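Have a look at the sequence and the structure below, and then we can go through a few points together.

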Amino acid sequence: MAGDDDFRPRLGRIRSTGGRSAKRYLGRLYARMEKAKPGAFAKRSGARFSGMRIGRGAGVAAAFASRGHPFAAFRSRRVAVKIRSVRLGNNGLAKARAHLKYIQRDGADRDGTPGRLYGPALDGVDGQAFLDESRNDRHQFRIILSPEDAGELENLNQFTRDVMKAAERDLGTNLDWVAVNHYDTDHPHVHLVLRGRADDGKDLVIARNYITHGFRRRAEERATLELGRRRDLDIAKARMREAANERFTSIDRELQEMTADGVVSFGQPKTVYDRFRMKLFMARLRTLEKMELARRDRDGWRLAPAMETTLRAAGRRGDIIRSMEQALGDRLSLQNLRDFSAETIRGKIIGRVIGSGAADDAHDRRFLGIDGADGNQWHVETEMKPGALPPEGANVELSKLEGAPRKSDLTIAEIAQSHGGVYSDEFHAASDPEASADYRLTHKRRLEALRRAGIVEREQDGSWRVPEDYLQRARDFERGKADAQVSVLSWVSLEQLPEAKARVFLDDALEARENIETVPSGFGGEMQQAMAARRRWLLAQGLAKEEGYRFVIDRKRLALLERDCVAAEGARFSRQLGKSFEPAGEGERVTGTYRRSMDLPAGRFAVIERSKEFSLVPWREALEVRRGLEVSGVIRRGGVSWDFGKRRGGPAL
């Protein structure tokens, strides 16, 4: 014990080891019950172990479950909370550094400057010191606090500290964390990184139900304490505004739960609250009727089978429009706006980057706004880190990975084919007696996801109607979900390429005589003009010639010009940096500190600095997590072989 006041009681009989004999007896009892009536005990969901109460804060979170007045859930000031536990693993420090850099990105603060870290006591903290202390942590928690009325809070820093102090009392330990406030969206919010280490030096394990409810309830309590409770009239107005939203809402979920045989059935209102709910539901149904997602029938209101899918797609498009409008401003064209993840793309699209922004802060995902040569503006989500994102004006190529049905899809299709296009849990158990209930449950969850996409239909008896082309539609569904593959063709603008003394992507198109899909206006027209100008310049410089139908470029001479061009840029940058430029040749080892990158027509180059000189070497995205650190690598043909991580001789960095 650290002191005389530290005391943690262990309840139970003296010298008790945890009641193992009782546990063994219960195990034998449950086995007898299962043998007497197979499956009966397994269906008791309340008896299943869920792990919800393992960890700190379980009791506090359980106490949050009680509610009183029907509006009690809405009276508190609302705070959206996202929590993600991240295992750091072998490359943990690099991941943590990349995340800290991401949340401190440019434009996050009120005045457009990078976000500033603060902690439990200070408004300015050293992120590197926090990372050094986290070096041996097994995991960390990444938390987003987004109060609905964040603009009304007097001090967002103090709000965050109060929430974390309450969490410390609930969890019974001091918490080590840093946070950044973001003001670059419609709703100001807080990004918080919490170390996965308790004050006793052990791993910080937080109960799942506290992660689900505890942080959010403490944040709502703090916001309510400062701003006061919401009035019933304000709550009612907010709910009625929600009824007009063109996205999937909590009201739609309630309507789905009230649906029987495809018809929404209402009970007789008995209280004032029941009458308000009836009015709310009718307002929502009228909105759905205008969207052709609900219709009046003799028996009542019928919801469209694809209602949830359509509303979620509409909500996503609304989010995309808002984020693209914030990034592009007046350059946004709603008529030509496309969501790359929702489109079936079989070829490749070449475009120009015209903006970027945050897509999913919880998972460090960004989006790019692309002006395509096909005449469309594309919203493209990517997991590229901020330092690896192509800048505005860069030229990129977009493609998608080929989707493929999952293993569960093959099983579902096989069972449905044997039973007249119907899949059910009973048919699955009969065809594969060794399949466990949990394994069959994964297939039902897969079918539920495809039902929301309008691919399969669920019958009233719990079976599923599977179409004949199920595998093809499942393949298309997976292809639509696949992340965009973003390849940077040129880190500099298209205007710099026609007379570039380096090999550029236009040369490949000219030599192969590729027919790039373009439209005569916008970026497509600029692409056509740039290719024609590049062709004329290469011929005028004697760097290319026409041999019949072939266009042949002298690659050796162009490579020499490229090397001289990079050396000239290095000499120019030398005067700015105050250090001498030292070219690095093939086979040489380069060691130094990676400070920044430089974009040239020949590509992106990493600036590797030493005490008195620096070198320019081909850049790689893996370098971004080591910005500001010493790196070492060997120049190879076409790139650098970096010594990242540990080797037999010990750490290379």
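1. Apart from neighbours within four places in sequence, aspartate 252 is in contact with Arg247, Arg284, Leu288, Met307 and Leu311, where contact means heavy atoms within 4.5 Å. This is a predicted model, in which local features need pLDDT of at least 70 and side-chain atom pairs count only at pLDDT 80 or more, while totals for chains, interfaces and linings use all residues. Residues are numbered from 1 along each chain as its sequence is written, and side-chain values use heavy atoms, with hydrogens and water left out.

2. Which side chain makes a polar contact with the side chain of aspartate 252? The partner is arginine 284, at 2.8 Å. A polar contact here is a pair of N or O atoms within 3.5 Å; within protein, one must be able to donate a hydrogen and the other to accept it, and residues adjacent in sequence count only if both atoms are side-chain atoms.

3. Aspartate 252 belongs to helix H9, residues 250–257. Helices (H or I, at least four residues) and strands (E, at least two) are DSSP runs, numbered from the N terminus. With a relative accessible area of 0%, aspartate 252 is buried; buried means under 20% relative accessible area, exposed over 50%, and partly exposed in between (1.4 Å probe, protein chains only).

4. Next, please turn to strand E4, residues 189–195, where 7 of 7 residues are buried. Both faces are covered: His189, His191, Val193 and Arg195 lie on one side of E4, and Val190, Leu192 and Leu194 on the other.

5. What does E4 pair with? Strand E2 (residues 139–147) runs antiparallel to E4 and is joined to E4 by 6 bridges, with isoleucine 143 opposite leucine 192. Strand E3 (residues 177–182) also pairs with E4 in the antiparallel sense, over 6 bridges, and valine 178 faces valine 193. Two strands pair if DSSP finds at least two bridges between them. E3 and E4 make a hairpin, with 6 residues between them.

6. Finally, a word on confidence. The mean pLDDT (the predictor's confidence in each residue, from 0 to 100) of the protein chain is 83, and 84% of its residues reach 70 or more. Over residues 42–49 the pLDDT is below 50, and this stretch has 6 contacts in the model beyond near neighbours in sequence. Where pLDDT is low, the predicted coordinates should not be read in detail.
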